[in-house]
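Here are some notes for a colleague who is opening this structure for the first time. Please read them with the model on screen.

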Amino acid sequence: MTEAAELPPAPEQARDVFGDRYADAVRYAELLAETGVQRGLIGPREVPRLWERHLLNCAVLSEVVPEGVTVCDVGSGAGLPGIPLALVREDLKITLLEPLLRRTNFLTEVVELLGLDHVTVVRGRAEEVLGTLQPVHVVTARAVAPLDRLAGWGIPLLRPYGEMLALKGDTAEEELKSAAAALSKLGAVETSILHVGDGVVDPLSTVVRVEVGESPGGVRFAAKRAKAARTGRARRRR
């Protein structure tokens with residue numbers, strides 16, 4: 001049950017959302033339906049709803065990402081939301097961060113095939129690249145972990161006054177409330193729940209926005225970042 005024929009035609013909204021990159025979005029959907037299923041990155045049952053539930057649901061995240069910023073997609077998996085975001089926003093510099101080799105191999109293949117020159121694939125966990133990956137303006141994530149755990153991985157990767165944008169479902173408000181204390185310790189100064197994709201997806205995509213102050217990750221992570229940076233400089237001098 002991995003035939004590309006199972007993939008339904010792209011909805012009309014996809015032409016509007018992806019614009020000049022529409023053909024690339026179709027090719028990406030085909031890759032997810034074929035190679036993605038074969039390698040266990042996408043479940044076969046997801047193929048009929050790839051457009052509405054995955055590609056368009058992720059692409060509309062672009063509505064709340066500032067212009068010309070750096071983005072790190074944490075736990076990128078099969079490239080969601082990072083690749084749909086890259087297809088609609090060539091002004092962004094995006095890092096797809098993923099620890100599993102079979103997934104980074106797929107991501108690298110997709111990035112090269114679609115000519116996404118503004119996208120870099122990095123293999124590793126968020127806590128491993130801290131201090132070596134340049135801090136970013138925006139961290140994105142989808143279906144990676146509960147918000148409190150996700151914040152512990154993603155927020156330390158931010159530059160001061162950056163923000164984490166997490167695509168969530170019906171549990172967004174509940175997760176935000178239960179993660180309040182953890183977010184505060186990590187340097188969050190403001191949180192909100194946004195609904196994006198009006199006229200494109202139904203139901204709307206739900207985004208939890210976590211904005212940080214001058215110390216992303218709090219004091220502990222600031223010290224860890226500084227130590228990692230010193231180690232990196234020492235290695236480069238050798």
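1. Lys177 and Glu173 lie four residues apart in helix α8 (residues 172-178), so about one helical turn separates them. Helices here are DSSP runs of H or I of at least four residues, strands are runs of E of at least two, and both are numbered from the N terminus. An α-helix has 3.6 residues a turn, so residues three or four places apart point the same way. The side chains of Lys177 and Glu173 form a salt bridge, with N to O at 3.8 Å. The term stands for a side-chain nitrogen of Lys or Arg within 4 Å of a carboxyl oxygen of Asp or Glu. Lys177 is exposed at 61% relative accessible area, while Glu173 is partly exposed at 49%. (Buried is under 20% relative accessible area, exposed is over 50%, and partly exposed is in between, with a 1.4 Å probe and protein chains only.)

2. On the source: this is a predicted model, in which local features need pLDDT of at least 70 and side-chain atom pairs count only at pLDDT 80 or more, while totals for chains, interfaces and linings use all residues. Residues are numbered from 1 along each chain as its sequence is written, and side-chain values use heavy atoms, leaving out hydrogens and water.

3. How many salt bridges does a search of the whole structure find? There are eleven. One of them joins the side chains of Arg39 and Glu109, at 3.0 Å from N to O. This pair links distant parts of the chain, with Arg39 in the loop between α2 and α3 and Glu109 in helix α5 (residues 101-114), 70 residues apart. Arg39 is partly exposed at 32% relative accessibility, and Glu109 is partly exposed at 39%.

4. Arg49 and Glu46 also form a salt bridge, their closest N and O atoms being 2.7 Å apart. Arg49 is partly exposed at 36%, whereas Glu46 is buried at 16%.

5. The structure holds one aromatic pair. The ring centres of Phe18 and Trp51 are 6.4 Å apart and the planes stand at 70°, so the pair is edge-to-face. (Rings of Phe, Tyr and Trp, the last by its six-membered ring, pair if their centres lie within 6.5 Å; planes under 30 degrees apart are stacked, over 60 edge-to-face, the rest tilted.) Phe18 is in helix α1 and Trp51 in helix α3, 33 residues apart. Both Phe18 and Trp51 are buried.

6. Eight of the ten residues of α3 are buried, so this helix is largely enclosed by the rest of the structure.
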